[in-house]
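Work through the exercises below with the structure open. Each task is followed by a solution in steps.

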Amino acid sequence: MASPLHRFIASSLLAFLYLPLDDRPPNWAPCTWGLVVCPPREVYRGPEGADLFRLRAWLLATPGEGVVASLDALAYGGLLQSRHLPLPPEDALARLAPLLSWRVRYGGEVLLFGVVPRWDATRRERNLGVLRSLGSWTGLKGIYLEAVWDDALRNSPAPKEAEALPYPARPGADEAGQVLLLRALRPGLRVAAVYGEGLEAGRVTPYEGVPLARTLSGLLQSAKAEAVPLEADPDLVLYLYGGGDPRRALLDLMRLMARHPVALADLSRVNRGEARLMAYLLDLGLYGRLAAYASWGTPANNLGSALAQGGLFLRDSEGRLLRLAEAYLQYWWGEVGRPLVRARFPEPLGEEARSVRGAFWEVELEGRRLLLEEVGFPWRRSFEAEFSYRLLPAEGRGVDLAP
């Protein structure tokens, strides 16, 4: 549920439009935040991909101050479809033309991201050709274009292919929409990055293929954020936890949180957070005081989510707490929910898998109790889950929250 401030923003005459990569939770989540206007949920059809006719029609009929859009959603129907859909490159480019039409018709800013395909995509060369052809768009007024590469294993060609494109590129994918929304709605955020124990700027992180410092600088560029030293009184501190001693990380966080808003990106493991650190944060009541938290994906995913949510909800305490509730549920899913479902239920998942909700224990965030009511599987697989939940104030009145 969005805060009153963000409901007002999204209902104003000219709001930002957002066309996510697909409707998996990390991509669709901003549509639930009250910051942007999104296509109807039924336009995005899970693993089947977006209904491209309806998606283009909605875009051309909807004015806005600007639009953040996934090229792969408009050209192919989503990330999954982009890897294998047999489509000539000229047809893919034609499907992107409505973005230029929207720019001419409404005059708003257009921020776009395309995915450099991973190693197992059968249509890699087609997708790369389309991304190269879009270099001519970079000279157009009001257009910002970037590429992100998806799941680069060791010796993956994706980083070099991305570097050869005539516009900015960085690792990541599922957080890209959130980061461009930060660029659109709060450009110029002053960010100080702090490397925790277990991390070094030169470390090459899993699925990225480049040093961590380069991933971070690429994310800041995407967000149009400014890197500043800690002594310069930043708007936000981005703390990178790499799996060292969680007690030392806790001391770092307490020291930083006494003076700054702190967003915590847990990079200790892929798709899972560090249980000991989370336990300390909850036991000491510190988790609910964070500006943001992310542990659900790859290092770039987590860095981008923590940065974007920390910046977008910096002055909205209710919105910040709701994002922390969602981030904790994603942490719980990686640590508890997903392993249980995979051990007990075959895929595609049915209704019986929802019983995993019984393994959730309530936690407290800033005097509010987080109660998980339902777990859903929009793609009928265990990798991702959607949550319906309630955030209960001390007096017992609840706020319903659902995707």
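**Exercise 1: a helix on the sheet**

In this predicted model, helix 6 lies across strand 1, strand 3, strand 4 and strand 5 (143-149), and runs at about 165° to strand 4. Determine the strand order of the sheet and find its edge strands.

Solution.
1. The sheet is open and has 6 strands, in the order 2-1-3-4-5-6.
2. Its pairing is parallel.
3. Strand 2 (36-37) and strand 6 (169-171) each pair on one side only, and are the edge strands.
4. Strand 1 and strand 3 run parallel and are joined by 4 bridges.
5. Phenylalanine 16 has glycine 66, in strand 3, as its bridge partner.

**Exercise 2: the course of helix 6**

Compare the span of helix 6 with the expected value, then locate its kink.

Solution.
1. Helix 6 covers residues 89-106, which is 18 residues.
2. From first C-alpha to last, helix 6 reaches 27 Å, close to the 26 Å expected at 1.5 Å a residue.
3. At arginine 95 helix 6 has a kink of about 25°, shortly before proline 98.
4. Glycine 107 follows helix 6 and has a positive phi, near 75°.

**Exercise 3: the buried side**

Which residues of helix 6 are buried, and which elements do they pack against?

Solution.
1. Take buried as under 20% relative accessible area.
2. In helix 6 this selects Ala92, Leu96, Pro98, Leu99, Trp102 and Arg103.
3. Among strands, these buried residues pack against strand 1 (16-19), strand 3 (66-70) and strand 4 (109-116).
4. Among helices, they pack against helix 3 (52-61), helix 4 (71-76) and helix 7 (124-133).

Key: Residues numbered from 1 in each chain as written. Predicted model: local features only at pLDDT ≥ 70, side-chain atom pairs only at ≥ 80, totals over all residues. Heavy atoms only, no water. Helix = DSSP H or I, 4+ residues; strand = E, 2+ residues; numbered from the N terminus. Expected span 1.5 Å × (residues − 1). Bend = angle between axes of the 7 residues up to and from the residue. Buried < 20%, exposed > 50% of the residue type's maximum accessible area, 1.4 Å probe, protein only. Contact = heavy atoms within 4.5 Å. Pairing = 2+ DSSP bridges. Axes fitted to C-alpha atoms, helices over the stretch in contact; angles between N-to-C directions.
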